[in-house]
Amino acid sequence: MKKEFRKKVIGDRKSKDIEFINKNSSIITEKLLSLECINKANNIMLYLDFNNEVKTDDLITKLISLRKIVSSPITLKDERKLIPTQITDLHNGIKIGAYGIREPKNDPSLEVDVNDIDIVIVPAVAYDRECYRLGYGGGYYDRFLSRLREDAITIGIAFDLQIFDSVPKEEHDAQLDYIITETQILTPDK
């Protein structure tokens, strides 16, 4: 069931044109930048977009200009692990990594300690209204999020077409603190 659901949502997202992706990514970026928790945070990890996800390059550039430490994960496929690594140069400091996803070039001096991360902006295929995410199926982010400090904030960004009343989930699936789309900001009813 998860597999079919994932396939359908990814297909819906892929069918959107670049104008839709760019316009709504800009709206989501502005909403994110207006959040108090983003303004207070020093250390923010987020993904480098691919495959018609909400675009993050503009957000990364703006966060760096606000003097935030901005990192993105390097995926260690064999260990099924994410290594947060600081982005210092969005053009020359990026390579294509596991699964064809952009990631920072491997430089151990730029690795970020998971305990220093204040906010993680998480990718997903889909989210539900209670802020649970359906990822891509590797479990990388679920494992990573379980290692964060207790007070670290997790945020999902997505287009409205990725929000559902419920998504297939399992016990280990993480509930996020916020989901931000082009028209809404969701928080869980805890």
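Modeller: Happy to! Asp49, Lys55, Asp57 and Arg102 are linked in a network of salt bridges, where a salt bridge is a side-chain nitrogen of Lys or Arg within 4 Å of a carboxyl oxygen of Asp or Glu. This is a predicted model, so local features need pLDDT of at least 70 and side-chain atom pairs count only at pLDDT 80 or more, while totals for chains, interfaces and linings use all residues. Residues are numbered from 1 along each chain as its sequence is written, and side-chain values use heavy atoms, with hydrogens and water left out.

Biologist: How far apart are Asp49 and Lys55, N to O?

Modeller: Their salt bridge spans 3.5 Å, N to O. Asp49 is buried, at 9% relative accessibility, and Lys55 is partly exposed, at 29%. Buried means under 20% relative accessible area, exposed over 50% and partly exposed in between, using a 1.4 Å probe and protein chains only.

Biologist: How many salt bridges turn up in the whole structure?

Modeller: The search finds 13. One of them joins Glu36 and Lys40, with the closest N and O atoms 2.8 Å apart.

Biologist: Where do Glu36 and Lys40 sit relative to each other?

Modeller: They are 4 residues apart in helix H3 (residues 36-40), so about one helical turn separates them. Helices (H or I, at least four residues) and strands (E, at least two) are DSSP runs, numbered from the N terminus. Glu36 is exposed at 53%, and Lys40 is exposed at 62%.

Biologist: And which residue does Asp165 pair with?

Modeller: Asp165 forms a salt bridge with Arg129, at 3.3 Å between the closest N and O atoms. That pair links distant parts of the chain, 36 residues apart: Asp165 is in the loop between strands S10 (163-164) and S11 (178-180), and Arg129 is in the loop between strands S7 (126-128) and S8 (133-134).

Biologist: What about Lys31: buried or exposed?

Modeller: Lys31 is buried, yet has no salt bridge; Asp160, the nearest side chain of opposite charge, is 7.0 Å away. For charge, Lys and Arg count as positive and Asp and Glu as negative, with His and the chain ends not counted. Lys31 lies in helix H2 (residues 18-33).

Biologist: Switching topic, how many disulfides are there?

Modeller: The search finds 0, a disulfide being a pair of cysteine sulfur atoms within 2.5 Å. For Cys37, the nearest cysteine sulfur is that of Cys131, 12 Å away. Cys37 is buried at 13%, and Cys131 is buried at 0%.
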